[in-house]
Amino acid sequence: MILRPEIVAAVIDGRATQTRRPVRPGEERCRYRPGGSYAVQPGRTSNAVCRIVVTHVERRRLGEVTPEDAAAEGFAGVEAFACHWLDLHDPVYREALE
């Protein structure tokens with residue numbers, strides 16, 4: 001699982017216990033499975049620094065993120081999480097908001 005370095009640090013510290021992933025076009029199910037063990041990398045070209053075990057997978061809309069969810073993702077709040085998400089997955093929309 002590729003994460004930004006600051007999120008990897010939050011995973012290692014135990015501050016990040018959730019992650020959201022977009023469902024790719026054509027995918028019906030999440031590619032991560034409960035019980036699966038996945039390597040965590042702080043970038044595409046980096047080596048794994050730890051492993052995580054997925055305990056639960058569910059489909060949720062991005063607008064349903066609560067302050068508690070954002071904190072479990074390793075962010076200070078919903079706005080910080082939303083900015084991060086848009087930077088990764090929809091930078092054009094993020095620029096339009098600003």
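Here are legends for a set of close-up views of a predicted model. Local features are taken where pLDDT is at least 70 and side-chain atom pairs where it is 80 or more, while totals for chains, interfaces and linings use all residues. Residues are numbered from 1 along each chain as its sequence is written, and side-chain values use heavy atoms, with hydrogens and water left out.

**View 1. The largest pocket and its lining.** This pocket holds about 1,000 Å³ of space. On a 1 Å grid over the protein atoms alone, a pocket is an open set of points where a 1.4 Å probe fits, with protein on both sides within 12 Å along at least five of seven lines, and a lining residue has an atom within 4 Å of a point. Points are joined across faces, edges and corners, and the volume is the space filled by probe spheres set on them. There are 33 lining residues, and Thr19, Arg20, Arg21, His56 and Glu58 sit nearest the centre. Helix H1 (5–13) and strand E2 (50–53) each put at least two residues into the lining; helices (H or I, at least four residues) and strands (E, at least two) are DSSP runs, numbered from the N terminus. By class, the lining splits into 15 nonpolar, five polar and 13 charged residues. Here Ala, Val, Leu, Ile, Met, Phe, Trp, Tyr, Cys and Pro count as nonpolar, Asp, Glu, Lys and Arg as charged, and the others, Gly among them, as polar.

**View 2. The second largest pocket.** About 490 Å³ of space lies in this one. It has 20 lining residues, with Ile2, Arg21, Arg44, Leu88 and His89 closest to the centre. Helix H3 (residues 78–89) gives the most to the lining, at five residues. The lining comes out as nine nonpolar, four polar and seven charged residues.

**View 3. Aspartate 69 in helix H2.** Helix H2 covers residues 67–72. Aspartate 69 counts as buried because its relative accessibility is 8%; buried means under 20% relative accessible area, exposed over 50% and partly exposed in between (1.4 Å probe, protein chains only). Skipping residues up to four places away in sequence, aspartate 69 touches Gln18, Arg20, Arg60 and Glu64, where contact means heavy atoms within 4.5 Å.

**View 4. The largest nonpolar core.** A nonpolar core is a set of buried Ala, Val, Leu, Ile, Met, Phe, Trp, Tyr and Cys residues joined through side-chain atoms within 4.5 Å. H1, strand E1 (37–40) and H3 each give two or more residues, and the largest share, four residues, comes from H1. Beyond four places in sequence, isoleucine 7 touches Ala16, Glu73, Gly74 and Phe75.

**View 5. Aromatic pairs.** Rings of Phe, Tyr and Trp (its six-membered ring) pair if their centres lie within 6.5 Å; planes under 30 degrees apart are stacked, over 60 edge-to-face and the rest tilted. The count comes to three pairs. Tyrosine 32 and tyrosine 38 are edge-to-face, at 4.9 Å centre to centre and 85 degrees between the planes. Phenylalanine 75 and phenylalanine 81 have centres 5.7 Å apart and planes at 75 degrees, so they are edge-to-face too. Ring pairs link Phe75, Phe81 and Trp85 into a cluster.

**View 6. Phenylalanine 81 in helix H3.** At a relative accessible area of 3%, phenylalanine 81 is buried.
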